[in-house]
Every structure is written in C-alpha cells, then in structure tokens.
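Student: Could you walk me through this model? I would like to go through it piece by piece.

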Amino acid sequence: MNTLMLARWQFGITTVYHFFFVPLTIGLSALVAILQTAWLRTGKEQYLRAVKFWGKLFLINFALGVATGIVQEFQFGMDWSAYSRFVGDIFGAPLAIEGLLAFFMESTFLGLWIFGWGRLPARIHLACIWLVSIGTMLSAYFILAANAWMQHPVGYRIDAASNRAVLTDFFAVLTNSTAVIAFFHTLTAAFLYAGMLLVGVSAWHLGRRRFTDVFRPSMRLGLWAALVATAGLLVTGDIDGKIMTEQQPMKMAAAEALYHTSKPASFSLFTIGSLNGGKEVFSVRVPGVLSFLATGSFHGKVDGIDDVQALEASQYGPGSYKPVIPVTYWSFRLMIGFGLLAALVAAVGLWWTRRGRMPERRWFWRVCTWSIALPILASSFGWIFTEMGRQPWAVYGVLTTRAGVSLVSAGEVLTSLIVLTALYGVLAVVEVGLMVRYAKADPPEIGPAAGAGNGEDEQRLSFAY
C-alpha cells in the first residue's frame with residue numbers, strides 16, 4: 001500500500017471507532033435525564049436506581065469517547081496536513097465553538113451532576129443532566145457542520161495566493177442544508193443506539209428475573225425510544241437522500257450501483273453481479289423506489305454513474321470520479337438493514353411486554369440482548385457510506401483526497417497506523433470489559449434519605465460513580 005491508502009485506512013479505523021461512543025453518549029444522556037425526571041415527579045425508588053445504574057454506563061462511555069476523540073486528532077496532523085492547511089480557516093470556527101461552548105458546557109454540568117448528588121437541590125441537579133444532554137447535541141451539531149462542509153462546501157472562497165479555502169459566510173456554514181439534515185439523522189440514530197442498549201441490558205436481567213421493578217421500565221423506555229427513533233430515521237433519511245441526489249449525484253448513483261440513467265429507477269434489495277454495469281446475474285428489485293428516494297416521485301429520473309462520471313470529467317478534468325462501488329453499495333444496504341432489524345425487535349418487544357407481560361421464552365430475551373449490536377453496525381456502515389461515497393473528494397468538487405495527504409513516507413504512516421490501532425484495541429478491551437462488568441452488576445441500593453439533599457447515604461452515593 002502507498003501513503004494515500006494507508007492514511008485512508010487509518011482515518012477509517014479511527015473515525016468508525018470513535019463513532020462507537022458518540023451516538024451512545026448523546027442518546028444515553030437524554031434517556032438518563034428522562035429517568036431522573038420520572039423519579040423526581042413520581043418519587044418512585046426504582047427510577048432512581050435506574051438513573052444510578054444507567055448513569056454509570058453513560059459515564060464509562062463518555063470518558064472513553066473523549067479519549068478516542070483526542071487520539072483521533074493526531075492523525076490530521078500526521079497524515080492529512082495538506083488537507084488541514086486547506087480547510088483550517090473553515091473548520092476553525094465550528095470546532096472552536098464546539099470545544100469552548102458545547103464540550104465545556106457538557107463537561108462542566110456533567111461534573112456538577114456527578115458530584116452534586118446530595119449537595120445540589122433536586123431540581124438544580126436534574127437541570128444539570130439535561131444541560132449535559134443539550135451540550136452533547138450542540139457538540140454534535142458543530143462537528144457535523146464541519147463535516148457537512150466537506151460534503152457540500154458553502155460560504156467560502158479560494159485564496160489564490162495561499163491556495164486555501166477562506167471563510168466568507170459563517171452563517172451559511174452553520175445553516176448548510178447538509179449539516180441540518182445530518183444533525184437530525186444522527187440525533188435519531190443516537191436514540192436508536194441508546195434505546196437498544198437499554199433493551200439489551202434490561203433483557204439480560206429480565207430473562208433471569210432480576211430486579212424486574214428496575215429493568216422493566218428501563219426496557220420499555222428503550223423500546224419506545226428505539227421505535228420512535230426509527231420513524232425519525234426514515235423521515236430524515238428520506239430528506240437526506242433527496243439532498244444528496246441534488247448535491248452529490250455520484251454518491252446516490254453509487255449507492256444503487258446504477259450505471260445507466262433510469263426513469264423510473266428501481267431499488268435493488270439484493271444483487272449478484274459484476275457491479276460494473278456489465279453483467280447482472282441475479283437481483284431482487286422494488287420498482288420506482290430509488291426514484292422516490294432520490295426525487296420524491298416514483299417516476300423521477302435518477303442519473304447513472306456513467307453519465308455523472310462524464311459530467312464531472314467535463315467539469316473538473318480527466319480522471320475517475322467514482323467511489324469504490326461495492327463498498328458504497330453494500331454499506332448503504334447494511335446501514336438500512338441493521339437499522340430496520342433493530343426497529344423490528346423494538347416493535348415485537350413492545351407487543352410482547354405490553355400491559356405488564358413477561359415472556360417466558362428464553363430466545364426472546366436472548367434476541368433482545370444481542371440486538372445491542374444492531375444499531376452499532378447500522379451507524380458504523382452509515383459513516384462508511386457517507387465518507388466512502390464522497391470519494392475521490394476530500395471536499396466535494398474542491399479538493400481531492402489525494403491532494404490532502406501529508407508528504408510523509410508509507411512507512412511512517414504504517415507505523416502510526418499500527419500504534420493507533422493497537423491503542424484503540426487496548427481501549428476496546430477496557431471499554432467492553434467495563435461496560436459488561438457494570439451492565440451485569442446489580443442496580444445500587446438506595447437509602448431512605450436519597451435525593452433529599454443531605455445525609456450519610458447521600459455522601460456514600462456521591463462516590464457510586
């Protein structure tokens with residue numbers, strides 16, 4: 001492999017790995033806040049025990065998410081220095097606001113929430129976890145605004161002297177239609193992610209008839225969160241598909257491996273063939289669905305890869321503007337497929353646990369437990385599709401990925417790739433070990449004075465994290 005390919009592998013590994021933690025942090029903070037609100041409004045002890053239990057998992061995930069995010073920053077300087085110089089003026093503002101406002105906000109109020117048990121008035125303490133949740137969402141928005149500029153660059157000009165992008169309209173960057181829809185799509189994915197964690201861990205305990213008073217409400221909350229989030233994902237995904245067709249027609253064509261412009265265009269659920277447009281052995285297709293996803297009409301025209309390639313070659317010069325078609329094609333389907341499987345588990349779970357029912361079948365609890373992996377896989381393939389579908393562009397239509405790589409040797413990139421991957425491997429062992437240990441643990445016992453704002457039990461609970 002050359003420097004470019006090694007740098008791309010490193011970017012893919014570090015980004016996907018970091019994204020294991022981000023949506024769970026966003027979704028879980030809100031679900032913990034909902035449980036704490038339920039406890040404050042009802043005074044029921046099982047809600048407080050649930051807050052303490054899920055709060056530990058949230059804090060473990062938050063800490064490791066920050067650690068992997070910091071490590072990820074190093075690769076930009078090591079592998080993508082030319083890219084960093086080119087986009088630095090654009091990325092500086094949203095990333096600075098994310099660090100100074102959103103991350104500062106969530107970190108500060110998270111600290112108050114951790115150490116505020118028994119020291120802050122109950123309503124102020126509750127406000128802290130809600131502000132943590134809002135901070136995680138704001139943080140996500142500014143990061144996605146920066147990423148959206150790579151997908152659809154707006155509010156800039158190219159400085160001919162320095163060959164750098166210069167920010168001319170920060171408001172245009174923040175209100176980029178790609179950023180807005182990506183934010184709501186990611187937000188709903190975060191609630192699917194966190195909801196299925198509640199479902200899976202609760203199912204492990206409920207299948208053994210442990211602490212049903214604590215885990216049954218948690219599981220029902222997770223099931224509803226996952227199902228509602230899936231509805232949101234379908235709506236935002238549909239809007240995102242139409243924006244993508246308008247702004248990045250090659251990505252939509254590659255998602256379907258559609259080589260020839262079609263009107264109407266069918267959506268292939270499964271295709272066996274060469275994927276180069278030359279030979280199709282077997283395919284299961286739904287007529288008109290791709291036209292609807294791309295244009296909003298079941299009879300709309302969708303440009304094929306060959307026509308988009310010819311258009312972009314005439315616009316940007318000779319060369320290939322096609323991403324790796326098999327990766328784009330399958331990551332798009334795996335993203336949708338794993339997401340819908342999680343929604344199916346949520347719908348079945350809600351039906352089988354309705355009106356206080358507790359299913360006796362072991363396979364039901366096992367399926368719910370293992371379904372934790374479904375949104376993780378869906379969101380990971382979603383990121384792979386988003387980033388791979390944009391190739392060969394680092395900034396669509398402006399800067400190629402090849403032009404953004406550092407002037408370093410392949411051996412140097414390989415060394416950093418091995419070191420960072422090994423480090424992430426260690427963090428993965430720590431993460432999985434801690435999450436499994438605390439997920440299998442009993443919910444903490446609550447003393448009689450819990451939440452009253454003082455007392456010995458409050459002091460003890462403040463160290464529970």
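Student: Is Glu-387 buried or exposed?

Tutor: Glu-387 counts as buried because its relative accessibility is 9%, where buried means under 20% relative accessible area, exposed over 50% and partly exposed in between, with a 1.4 Å probe and protein chains only. This is a predicted model, in which local features need pLDDT of at least 70, side-chain atom pairs count only at pLDDT 80 or more, and totals for chains, interfaces and linings use all residues. Residues are numbered from 1 along each chain as its sequence is written, and side-chain values use heavy atoms, with hydrogens and water left out.

Student: Which residues does Glu-387 touch?

Tutor: Leaving aside residues up to four places away in sequence, Glu-387 touches Phe-11, Asn-147, Met-150 and Gln-151, contact meaning heavy atoms within 4.5 Å.

Student: Switching topic, how do H1 and H3 pack?

Tutor: Helix H1 (residues 3-18) and helix H3 (residues 45-79) pack at an angle of about 160°, and their axes are 9 Å apart. That angle makes H1 roughly antiparallel to H3, a label for angles over 145 degrees.

Student: And which residues of H1 meet H3?

Tutor: Among them are Phe-11 and Tyr-17 in H1, while the H3 side includes Phe-76 and Met-78.

Student: Where is confidence lowest in the chain?

Tutor: Confidence is lowest in helix H17 (residues 456-461), with a mean pLDDT of 44, on the predictor's scale from 0 to 100 for each residue.

Terms used. Axes are lines fitted to C-alpha atoms, for helices over the stretch in contact, and angles run from 0 to 180 degrees between N-to-C directions. Helices (H or I, at least four residues) and strands (E, at least two) are DSSP runs, numbered from the N terminus. Angles under 35 degrees count as roughly parallel, over 145 as roughly antiparallel, 65 to 115 as roughly perpendicular and the rest as oblique.
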